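These are my notebook entries from a reading of one structure. I record what I looked up and what I found.

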Amino acid sequence: MYSLILKDYLMLKRMLLLIVVIIAFFHILQNPPTLAISMAGIFFISSIGSFEDRSNSHIMLNSLPLNRKNIISSKYVGALIFGVFAVIMSVIFQAVFYFVFHIYDHPFPEVKHLFIGMLCILLFTSIYFPILYKFGEKYTRIVTMFLVIAVIAFGQIMMYVLKDQVYEIQQFLSQFTVNQLIFAGGLIIAIIYLVSWFCTIKIYEAKDF
């Protein structure tokens, strides 16, 4: 699995340099690290799909004596590794811009902001990979766009439906601290990530190349 993860990173080494620049750019604009980390993750994960589709590397991989389960697992482990990489880059850039350019109030980001950024990467990965390996990169963009629109529309509908219960919802959420809510969200996303991992393996194992 290590060689498969390394393959993805070597194929996208130039893209990684561009992503580092993107993270730096977000910090120059003093955007929250959550935004820098999540956008970097979305860019990296979607680039894996685009590169594999253009190069047909999945055909080459499946001509080798490789376990399909390991091929997919390398993608999910690779996404976790990239998330850690993006978090480290965000911490470094904020420290640099704080000590050198004095454009931040604190030398290091809050842990909760880094954690939320990591969760955004995991959530996007959970959605992206099953769609990618089920429909292919060409249709993944369409399906992903449809899902984004559907989520926004659903959010708007729920806001309208629950507009009379806003106070009750606020009262319920006020029982918990921000850290408790983030932890609960993290637990839910971790479960979604594992389910997505399992489903993508099944999709890939059933796929003909």
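**Entry 1. Record and model**

Which residues does UniProt list for "transmembrane region"? The unreviewed entry gives residues 12-29, 35-51, 76-101, 113-133, 142-162 and 182-204. I note that the model I consulted is predicted.

I then looked up two of these spans in the model. Residues 113-133 are 100% helix and 0% strand, with end C-alpha atoms 31 Å apart. Residues 182-204 are likewise 100% helix and 0% strand, and their end C-alpha atoms lie 32 Å apart.

**Entry 2. Helix α2**

I turned to helix α2, which covers residues 13-28. Its 16 residues should span 22 Å at 1.5 Å a residue, and the distance of 23 Å between its end C-alpha atoms agrees with this. I found L16, I19, I23, A24, F26 and H27 buried in α2. Seen down the axis, the buried residues of α2 fall within an arc of 160°, so they line one face of the helix. Which residues of α2 are exposed on the other side? They are R14, L17 and V21. Just after α2, I noted a positive phi of about 60° at Q30.

**Entry 3. Helix α6**

Helix α6 holds residues 111-135. It has 25 residues and reaches 36 Å from its first C-alpha to its last, close to the 36 Å expected at 1.5 Å a residue. After α6 comes G136, and its phi is positive, near 90°.

**Entry 4. Aromatic pairs**

I next looked up the aromatic rings. A pair of such rings is described by the distance of the centres and the angle of the planes. How many aromatic pairs are there? The count comes to twelve.

One of these pairs is F124 with Y128, which is stacked, with 5.4 Å from centre to centre and 20° between the planes. These two residues are four apart in α6, which means that about one helical turn separates them. Are F124 and Y128 buried or exposed? F124 has a relative accessible area of 15% and is buried. Y128, at 6% relative accessibility, also counts as buried.

The rings of Y193 and W197 have centres 6.2 Å apart and planes at 80°; the pair is therefore edge-to-face, since an angle over 60 degrees counts as such. Y193 and W197 are four residues apart in helix α9 (residues 178-205), so about one helical turn lies between them. Y193 is buried at 4% relative accessibility, and W197 is buried with a relative accessible area of 19%. The value for W197 qualifies because buried means under 20%.

**Entry 5. Nonpolar core**

Last, I looked up the largest nonpolar core, which has 39 residues. Which of them touch the most other members? I recorded I23, F44, I45, I72, F82 and F129. At least two residues of this core come from each of α1 (2-11), α2, α3 (33-55), α5 (68-101), α6 and α9. The largest share, ten residues, is supplied by α5.

I23 is among the buried residues of α2 and among the core residues that touch the most other members.

Notes:
Residues are numbered from 1 along each chain as its sequence is written. This is a predicted model: local features need pLDDT of at least 70, side-chain atom pairs count only at pLDDT 80 or more; totals for chains, interfaces and linings use all residues. Side-chain values use heavy atoms; hydrogens and water are left out. The expected span of a helix is 1.5 Å times one less than its number of residues. Buried means under 20% relative accessible area, exposed over 50%, partly exposed in between (1.4 Å probe, protein chains only). The arc is that of the directions from the helix axis to the C-beta atoms. Rings of Phe, Tyr and Trp (its six-membered ring) pair if their centres lie within 6.5 Å; planes under 30 degrees apart count as stacked, over 60 as edge-to-face and the rest as tilted. UniProt positions are given in the numbering used here, feature names are shortened, and annotations may be inferred rather than shown by experiment. A nonpolar core is a set of buried Ala, Val, Leu, Ile, Met, Phe, Trp, Tyr and Cys residues joined through side-chain atoms within 4.5 Å.
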